[in-house]
Amino acid sequence: MENDTFDYGKYNDSIHRAGRIGLSIGVLMLLSAPFLFAWFLDASIEWDGFFSSIWSVLIVYVPSCVVEYLIYVPLLGPGASYLSFITGNITNLKLPCAANAREIAHAEVGSKENEIISTLSVATSSLVTMVVIFIGVLLLIPLTPILENPTLAPAFDNVLPALFGALGYQYFRKSLKITVLPLSFMVLICTLIPSLMGQTSIMIIACGALSIGLSWILWKKHILK
Amino acid sequence: MSYLEAANSLPLYLIVGAILLFIALMCLFFIVKSYRAGVRIGMDRKVLRRAITSSATFTVLPSVSILLGVIALSGSLGIPASWLRLSVVGNLQYEATVAEIAANSMGLSLNSSSLDVSALSTILLVMTVGIIWGCLLSIFTMKKYSAKLSLGSRGGNGSGGGYASWAMVAMMIGLCSTFVGSYVADAVVTKDFVPFFTVLISALFMALFELLSKRFKVFENFSLALSMFLGMTGAVVISLFI
């Protein structure tokens with residue numbers, strides 16, 4: 001039952017305010033890091049090198065950032081999105097993590113509960129990643145031979161197959177009618193054009209559009225309820 | 001001082017530590033704020049705690065994989081720069097690709113014998129500027145965009161009914177299809193069956209844990225993390241025989 005004195009609109013405004021201030025400071029800190037590195041090391045930024053490489057990077061990654069932004073914000077909600085964009089690893093970690101937490105909490109898309117669960121999930125996930133990497137950096141010398149052991153290499157090479165196998169089972173069985181088309185499309189196009197196997201960030205857009213388009217048609221026809 | 005000694009020097013650790021501490025505090029702030037809001041709108045504290053526990057357990061294994069990326073990049077960029085880049089924004093695939101592009105554009109390659117501290121600072125700037133756009137869009141447009149999506153000021157009506165739930169399911173199916181489809185195609189084209197079998201093992205254990213979670217609630221929180229762990233273990237075992 002919702003507390004009568006609690007104003008969710010005010011809470012949301014405060015999330016936006018905190019997100020914008022936090023991200024602004026975070027972005028400034030990130031942008032200042034290379035200059036601070038150069039200053040402490042008595043070095044300088046090589047502007048010719050910077051400008052000759054940045055255009056090729058921007059051409060590829062700005063459209064990808066815009067599309068990711070448009071897709072992920074509706075799925076995660078504002079609080080989780082602010083944190084996801086500053087901490088990264090969205091497709092391979094934050095999005096599946098929030099989806100898993102939402103499944104466990106039985107929170108529905110578009111609900112206040114979903115936004116709160118997604119924010120808790122992404123914030124926790126970001127902290128755990130930072131802690132794991134921090135411990136790893138502290139123990140880098142003793143850990144490196146273990147983590148780089150050739151016998152264990154297949155385990156760390158297959159984190160994403162393990163993740164999407166389990167997550168795929170959860171979602172494919174929710175609607176096999178939606179699943180058949182994007183999955184068949186992906187198998188077929190990657191078999192015909194193998195170079196697309198390494199272009200998952202682009203193929204997500206194609207498969208996502210196919211799934212959403214098909215689900216919309218099925219929903220309009222009352223096949224999905 | 002050699003390049004790698006400079007790239008691993010104490011001031012750089014302090015700079016990276018300060019940035020990551022700020023972002024960690026931001027995450028803590030959001031946890032406290034959203035937890036309190038959840039309680040205030042009447043959500044069960046157990047559900048909120050389960051969301052935290054399941055997210056933490058789920059994250060450990062992928063984080064170890066990200067740590068491997070830190071180790072991989074640290075040989076050329078030093079530990080502080082790799083630690084920073086893989087803890088914020090981006091991902092390993094992006095960082096490695098862009099670092100290589102930046103090094104090449106300066107007539108260098110991404111290894112410690114070729115780089116110097118000026119190149120390191122320049123590569124770090126290219127990596128940061130190239131991926132910062134999602135953050136900038138969030139700062140300048142998130143409030144309006146999420147309000148348009150009814151995720152903002154009104155926060156949804158709590159029903160979650162209609163097409164919205166199916167749109168979410170469809171997007172996740174699209175995401176999973178992309179990766180699972182690429183592993184199936186990989187098995188067909190290159191005969192690399194390890195990722196495909198890892199998918200199968202992980203999915204089978206997920207099905208088993210979902211069944212078990214109906215009787216034993218503890219599996220509900222850990223089923224995804226356990227399935228991933230067993231899928232990755234399966235990858236090691238299969239690789240010994242293939």
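## A bridge between the chains

A:Asp13 and B:Lys143 pair up in a salt bridge, with their closest N and O atoms 3.6 Å apart. The pair joins two chains, because A:Asp13 sits in helix H1 (residues 8-40) of chain A while B:Lys143 belongs to helix H7 (residues 133-148) of chain B. Neither end is hidden away: A:Asp13 is partly exposed with a relative accessible area of 27%, and B:Lys143 is partly exposed too, at 32%. Keep in mind that all of this comes from a predicted model.

How many salt bridges does the rule find across the interface of chain B and chain A? The count there is two. Over all chains, the count comes to four salt bridges.

## The other cross-chain pair

A:Arg173 also reaches over to the partner chain, forming a salt bridge with B:Glu210 in which the closest N and O atoms are 2.4 Å apart. Here B:Glu210 lies in helix H9 (residues 194-215) of chain B and A:Arg173 in the loop between H8 and H9 of chain A, so this pair, too, joins two chains. Is B:Glu210 buried or exposed? At 18% relative accessibility, B:Glu210 counts as buried, since the cut-off for that label is under 20%.

## How the chains meet

Now for the interface as a whole. Its size is often given as the accessible area lost when the parts come together. For chain B and chain A, that buried area is about 13900 Å², with 79% of it on carbon and sulfur atoms. The contact draws on 153 residues from chain B and 155 residues from chain A.

On the polar side, 19 residue pairs are in polar contact between chain B and chain A, counting pairs with both residues at pLDDT 80 or more. Which helix gives the largest share of the side of chain B that touches chain A? That would be helix H8 (residues 164-190) of chain B, with 25 residues.

## A link within chain A

Chain A has a salt bridge of its own between the side chains of A:Lys174 and A:Glu103, at 3.0 Å from N to O. This one ties together distant parts of the chain: A:Lys174 is in the loop between helix H8 (159-172) and helix H9 (176-192) of chain A, A:Glu103 is in helix H4 of chain A, and the two are 71 residues apart. A:Lys174 counts as partly exposed at 33% relative accessibility, and A:Glu103 is partly exposed with a relative accessible area of 25%.

## A buried lysine with no partner

Helix H4 (residues 90-105) of chain A also holds A:Lys94. What is the nearest side chain of opposite charge to A:Lys94? It is B:Glu95, 11 Å away. A salt bridge needs the charged atoms within 4 Å, and A:Lys94, though buried, has none.

What does A:Lys94 touch instead? Leaving aside neighbours within four places in sequence, A:Lys94 is in contact with A:Ser84, A:Thr87, A:Gly88, A:Asn89, A:Val122, A:Ser125 and A:Ser126.

Over in chain B, B:Arg85 is part of helix H4 (residues 79-87).

Beyond neighbours within four places in sequence, the contacts of B:Arg85 are B:Tyr94, B:Glu95, B:Leu124, B:Met127, B:Thr128 and B:Ile131. B:Glu95 is thus a contact of B:Arg85, and B:Glu95 is also the side chain that came up as the nearest opposite charge to A:Lys94.

## Chain B as a whole

Chain B has 10 helices and zero strands, and its pattern along the sequence reads α-α-α-α-α-α-α-α-α-α. Its C-alpha atoms fill a box of roughly 60 × 55 × 30 Å along the principal axes. Of the 242 residues in chain B, 57% are buried. Among its contacts between residues at least 6 apart in sequence, 57% join residues at least 24 apart.

## Confidence in chain B

The mean pLDDT of chain B is 87, and 94% of its residues reach 70 or more. Over residues 151-160 of chain B, the pLDDT is below 50. In the model, that stretch still has 33 contacts beyond near neighbours in sequence.

Technical notes:
Residues numbered from 1 in each chain as written. Chains lettered and ligands numbered in written order. Heavy atoms only, no water. pLDDT = per-residue confidence, 0-100. Contact = heavy atoms within 4.5 Å. Helix = DSSP H or I, 4+ residues; strand = E, 2+ residues; numbered from the N terminus. Buried < 20%, exposed > 50% of the residue type's maximum accessible area, 1.4 Å probe, protein only. Lys, Arg positive; Asp, Glu negative; His and termini not counted. Buried area = accessible area lost by both parts, 1.4 Å probe. Polar contact = N/O pair within 3.5 Å; in protein donor to acceptor, adjacent residues only side chain to side chain.
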